[in-house]
Amino acid sequence: MLCLLIVLELCFFQCLSLLLWLEERYETVYTRHPGFQKGSKPLLAVDNPFPMELPENLVGEKWAFVQLPFSAVQEEISSLDSNLVFGASLDLDLLGIEIDDKTLIPGLAVASSRAKPLAAWMNGLEVCSIEADLSRARLILSVGISGRYIYATYNKTPETTSEAEAWEAAKKDSGGLHFLAIQGDLDSDDCVGFWLLLDLPSPPV
């Protein structure tokens with residue numbers, strides 16, 4: 001099991017490194033080439049399929065938009081190092097991201113009476129990001145290179161739309177950083193699963 005987790009983490013960081021390298025090459029090499037045409041179709045276009053229904057074993061019972069100061073996020077990440085909870089972190093040094101301890105990081109808290117099995121199943125995925133689909137009042141979970149699931153839905157009202165918009169805006173303010181926390185209860189301070197996530201654009205080349 002430990003070997004599998006290490007392999008999944010290495011694969012994620014390799015993909016992340018490749019995306020960052022492509023972005024750097026685009027800015028420093030390709031845009032300066034005499035034959036460069038801005039707006040041309042990327043050679044490495046990744047499919048962005050319609051999101052699928054979430055498998056039953058990954059469905060939580062309740063969820064809420066939340067925020068934590070980065071210092072608290074770091075505490076949760078330290079629990080990953082001690083194998084106390086399921087989840088994954090990010091190499092912020094590799095990403096060149098510097099966050100003040102007081103910066104609020106947006107996240108999604110998911111509660112379930114079977115929180116540990118839910119976190120264990122989620123740990124088998126390469127969880128990448130969560131986004132609010134404002135037009136359809138739903139949350140989209142991105143996994144792997146192009147996997148997408150309808151993670152949750154909500155009643156579309158001015159209040160819920162405003163909340164989802166504020167959550168997306170908070171992600172932009174934190175450089176795309178956000179998190180997924182799985183708990184036994186939304187009022188609990190303890191997590192059994194914690195994933196630090198990041199919105200990344202598609203490679204430009």
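Reader: Which strand is joined to β3 by three bridges, and in which direction do the two run?

Author: Two strands count as paired if DSSP finds at least two bridges between them. Here three bridges join β3 to strand β9, residues 193-198, and the two run parallel. In β9, W195 is the bridge partner of A88. The model is predicted: local features need pLDDT of at least 70, side-chain atom pairs count only at pLDDT 80 or more, and totals for chains, interfaces and linings use all residues. Residues are numbered from 1 along each chain as its sequence is written, and side-chain values use heavy atoms, with hydrogens and water left out.

Reader: How many helices and strands are there in the chain?

Author: Helices (H or I, at least four residues) and strands (E, at least two) are DSSP runs, numbered from the N terminus. The chain has five helices and nine strands. Along the sequence the pattern is α-β-β-α-β-α-β-α-β-β-β-α-β-β.

Reader: In what order do the five strands of the open sheet lie?

Author: The order is β2-β4-β8-β9-β3, with mixed pairing. The edge strands, β2 (62-69) and β3 (86-88), each pair on one side only. On average, neighbouring strands of this sheet are turned by 20 degrees against each other, direction ignored. Axes are lines fitted to C-alpha atoms, for helices over the stretch in contact, and angles run from 0 to 180 degrees between N-to-C directions.

Reader: Which strands does helix α2 lie across?

Author: Contact means heavy atoms within 4.5 Å. Helix α2 (residues 70-81) lies across β2, β3, β4 (104-111), β8 (177-183) and β9, and runs at about 110 degrees to β2.

Reader: Is H178 buried or exposed?

Author: Buried means under 20% relative accessible area, exposed over 50%, and partly exposed in between (1.4 Å probe, protein chains only). H178, in strand β8, is buried because its relative accessible area is 0%. Not counting residues up to four places away in sequence, H178 touches several residues, including I105, S129, W167, W195 and D199. A polar atom of the H178 side chain lies 2.9 Å from the backbone oxygen of G176.

Reader: Where is S188 placed?

Author: S188 is in the loop between β8 and β9. With a relative accessible area of 25%, S188 is partly exposed. S188 and A111 are 77 residues apart in sequence, and their C-alpha atoms are 9.3 Å apart in space.

Reader: What percentage of the chain's residues count as buried?

Author: Of the 205 residues, 39% count as buried. Among contacts between residues at least 6 apart in sequence, 70% join residues at least 24 apart.

Notes. Polar contact = N/O pair within 3.5 Å; in protein donor to acceptor, adjacent residues only side chain to side chain.
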